[in-house]
Amino acid sequence: MGTATTRDMPRTAPRETRSRDTVGAAWREARFAFRNAPAYRKLLLSAGIDPGGQTGEAAFRELPLTDKEFYRSNYPAGVVAGSQVAAHDRHVLKSHSSGTGGDRLTTVAYTYDLARRMSATTSVYPALKTTLLGLGSQRIARYAAPNCSDVECAVPNSTMESRMLRDGTLVLPVGHDLLATSEAQVTQAMEEIGGYRPDWFYTDATHFAFLIRQYLARGESLPRPAAVILTYTLATRVARRQIREALGDGVPIAEVVSMSELGWVAMECQLGRLHLNNSAFHVELLDRVALTPVSQGQIGELVVTSLGDRLLPHIRYRTGDLYRLMAPCACGHPAPAVRHEGRALHFLRSPDSRTVSPKELDDIVGADPQVIAYRMQQVSDRRFRFKFIPAPTAPTSAGDALGARLRSALGPQSLVDVQRVDYIPSERSGKFLSCVSDVAGTC
């Protein structure tokens, strides 16, 4: 998604970055949407709910949930407040989701709202926030699936000017199928990095690891950014290992959960623990069946209500992303500590009712130095196909121990086929997902 840059961020942490009760603000958001978004008003009236005099968290959980299909089918007139104004406002950013969970979703947001959310999210990592705010030029380079940007970056010979976003971010050229990116596009990306000299990268971890391998294979000097933000897909440990080994310990690297619809919603702290942005949003983690809040250690779906959004408010929005609620983090930040387990539709399910999340799968693979990229695919109730690209120095036995760990995790009734390959295709969305399932189910 297009994102506000640090030049738009407040220079001091806003008051709302402190922990506070967001239920009252969430109710105000719901009332605003009821008055100004016809589709949401119809949704509440059909449920027999008038939000006018309601208060409290328990009553708020009685409001109907919304989802991507609700906003897609009612965009723009039914969900955008003041849609005629938004089309001509220079502060409005229009973007499209990548389509990972289905059809692409068009959304609009005020750039200052995105900047406010970004500022609140980065408060969990003060050193990184200070680094970003201290940069003078704010040159940002993006390297990710083409569908993640509203410019054409997969066409050969496109110009830098055609890929420069309104906020000054340079979207680097890359193939729609990452590992089939042409040599010419790799060369062009390297040359543009050398000329543009980005201050920091906003990038997919697997994509950035691929780019780093191209630098090393060519014997070229690596870029030295002030920071690297990993986003778009779950950052695998094998990708992180390659990035960290290449850049060294002096470059802050943090994973961010960012959504086209909402902007930045979570970020890692300096201890590597993910924290939800519970100051710019009212956040809920709900059991997907009972739709009740989960307890510490349990997995729930992230449901988000935007706060103070006067353009396209999201009320109890189901993200489809599952998180495990963790104990308070030792870093001391009050924002809820969570572990992003992945999207519900990507969970693996074995015949004996075991479930393995994309994050749990990544724990099994680990930062294995013999692996540079992988994909696990569940192809039927019993069959799983694990493909991995070995490191150039990996022995012929690479993958044996990993296969044993995978079979142990998925149980004796599961058939796991481990394949050593030199190529793994990207998804139709252009994203490189490391865990996918062709089997519908619930978790």
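This report describes a helix pair, a neighbouring helix and a pocket in a predicted model.

**Packing of α8 and α9**

Two packed helices are described by the angle between their axes and the distance between the axes. Helix α8 (residues 183-196) packs against helix α9 (residues 205-218) at about 90°, and their axes lie 11 Å apart. Because angles of 65 to 115 degrees count as roughly perpendicular, α8 and α9 are roughly perpendicular to each other. On the side of α8, the contact is made by E183, V186, T187, M190 and I193, and on the side of α9 by F210, L211, Q214, Y215 and R218. By residue class, this contact comprises six nonpolar, two polar and two charged residues.

**Helix α10**

Helix α9 also takes part in covering the buried residues of α10, as do β6 (227-230), β7, α11 and β16 (371-378), among others. The buried residues in α10 are V238, A239, R241, Q242, I243, A246 and L247. Just after this helix, G248 adopts a positive phi of about 85°.

**The second largest pocket**

The second largest pocket holds about 460 Å³ of space. Its lining consists of 23 residues, of which R240, E255, E268, G272 and R273 are the closest to the pocket centre. The lining divides into eleven nonpolar, three polar and nine charged residues.

Definitions and conventions:
Residues numbered from 1 in each chain as written. Predicted model: local features only at pLDDT ≥ 70, side-chain atom pairs only at ≥ 80, totals over all residues. Heavy atoms only, no water. 1 Å grid on protein atoms, 1.4 Å probe; cavity = no way out; pocket = protein on both sides within 12 Å on 5 of 7 lines; lining within 4 Å. Points joined across faces, edges and corners; volume = space filled by probe spheres on them. Nonpolar A, V, L, I, M, F, W, Y, C, P; charged D, E, K, R; others polar. Axes fitted to C-alpha atoms, helices over the stretch in contact; angles between N-to-C directions. Helix = DSSP H or I, 4+ residues; strand = E, 2+ residues; numbered from the N terminus. Parallel < 35°, antiparallel > 145°, perpendicular 65-115°, else oblique. Contact = heavy atoms within 4.5 Å. Buried < 20%, exposed > 50% of the residue type's maximum accessible area, 1.4 Å probe, protein only.
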